[in-house]
Amino acid sequence: MLSLAGVTVRFGDRKAPRTALDAVDLEIAEHEIVCVLGPSGSGKSTLLRVVAGLQDVDGGRVSLDGADQAGVPVHRRGVGLMFQDHQLFPQRDVGGNVAFGLRMRGVSRDEQARRVEELLDLVGLPGARGRAVSSLSGGEQQRVALARALAPRPRLLMLDEPLGQLDRSLRERLVVELRGLFGRLGTTVLAVTHDQGEAFALADRVVVMRDGRIAQTGTPLEVWQRPASAFVARFLGFDNVVPATVSGAFADTPWGRISVPAGSAQGAVTLLVRPGGVRLSPAPDPAAGLRCTVEARTFRGSRVVVVLRPDAVPVPVPLPLLEAECDVREAPLEGAEVGVTFAVEDVMVLAPAG
Ligand code: ADP
Ligand code: MG
């Protein structure tokens, strides 16, 4: 449905150009929910603006349903765009906001009213038509903005950090609602966010961006289980990422020699250990593995993430810290001395190094 081929956008003057999008290729199928995930400045908003026709490209092509969009103005592309900060019209009531796109298209008043009611039901705000925008909570404003974007039945709905301003619990609830809603409507969605939780909960497919390039594409499960690079792994919140050298079934790492899964890439690699696979045992015990001191503990629900500082002897340079995830009841106290071993199924070789 949507196809980007080699899309490139540069900002700044010719002497010091900044590449916001660097030869981006991306395909989105009808009914698919794709979420672009990346840190601030990675080019996410620019990507949406290009598809919407709000930003010219320096190279490449955007097609919708097979038609090249070069020269097609914003209002003829049939895309809906919802920005981070809702941008509702404060002087119009809820109904006036939702009907905006319909009015622009010359839809009759009766049809506008019908469609507004239908959409407000859909987003969980039945009967809110006459309310003032200023009387709405952040979550309600977000729903109105969504209803407004959906009203003209866009063939592609684009969301820019749609839940960014809302508090966490509301965000977590809304993202599940949104996914259900888009599924029922069969909406094709291109969303962008810097929040991995949001991306993973919303998307059929996640596209990780870094500096205007696509770093990885896959289902949430694929990306989560197999980050393509140290960058992606760290961006997803994995901290146990180190350079290593793999030879056969073992890797030499800053934390010592550890087993790697069969079939792992050989040679110089980046290696990841999931925190759940960092096993702790009370030291001293000759078989306890790498000796570490517990530096900090963070509660995450019923689990505790323990930050471990490997004891420096006999290595002269500080070793990278380790994160272990354990059950609340088993988590050692700050300052405790523990031995660390690694569960091979939680060791992942991300090839190649870099
Ligand atoms: P994101 O949405 O991922 O935070 P953006 O697409 O907004 O990233 O920006 C990508 C890069 O392009 C950034 O370095 C940003 O400063 C730059 N940029 C974006 N818009 C403009 C603009 N209108 N003029 C100059 N630089 C811009
Ligand atoms: Mg942005």
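**Ligand site and sheet**

Modeller: A backbone N or O atom of G43 lies 3.1 Å from an oxygen atom of ligand 1. Keep in mind that this is a predicted model.

Biologist: Which side chain has a polar atom 2.8 Å from an oxygen atom of ligand 1?

Modeller: R18 also brings a polar side-chain atom to an oxygen atom of ligand 1, but at 2.9 Å. The 2.8 Å value belongs to a polar side-chain atom of K44.

Biologist: How much of ligand 1 does the protein bury?

Modeller: Start with the ligand taken alone, which exposes 570 Å². Of that area, the protein buries 60%.

Biologist: Which element gives the largest share of the shell around ligand 1?

Modeller: The shell includes R18, G43, K44, S45 and T46. Two elements give two or more residues to it: strand 2 (18-28) and helix 1 (44-52). The largest share is 3 residues, and it comes from helix 1.

Biologist: How many residues of that shell are nonpolar, polar and charged?

Modeller: Among the residues around ligand 1 are F11, A20, P39, S40, G41 and S42. By class, the shell divides into 3 nonpolar, 6 polar and 2 charged.

Biologist: Which residue of strand 18 is the bridge partner of V304?

Modeller: Strand 17 covers residues 303-310. Strand 17 pairs with strand 18 in the antiparallel sense, over 6 bridges. In strand 18, the partner of V304 is C326.

Biologist: Turn to the aromatic rings. How is the pair of F200 and W224 classed?

Modeller: The count of aromatic pairs comes to 5. For F200 and W224, the ring centres are 5.8 Å apart and the planes stand at 80°. Planes over 60 degrees apart count as edge-to-face. The pair is therefore edge-to-face.

Biologist: Which helices does this pair link?

Modeller: The two residues are 24 apart, and the pair links distant parts of the chain. F200 is in helix 7 (residues 196-202) and W224 is in helix 8 (residues 220-225).

Key. Residues numbered from 1 in each chain as written. Chains lettered and ligands numbered in written order. Predicted model: local features only at pLDDT ≥ 70, side-chain atom pairs only at ≥ 80, totals over all residues. Heavy atoms only, no water. Pairing = 2+ DSSP bridges. Helix = DSSP H or I, 4+ residues; strand = E, 2+ residues; numbered from the N terminus. Near = heavy atom within 4 Å. Polar contact = N/O pair within 3.5 Å; in protein donor to acceptor, adjacent residues only side chain to side chain. Areas by Shrake-Rupley, 256 points an atom, 1.4 Å probe, with all protein chains shown as cover. Nonpolar A, V, L, I, M, F, W, Y, C, P; charged D, E, K, R; others polar. Phe/Tyr/Trp six-rings, centres within 6.5 Å; stacked < 30°, edge-to-face > 60°.
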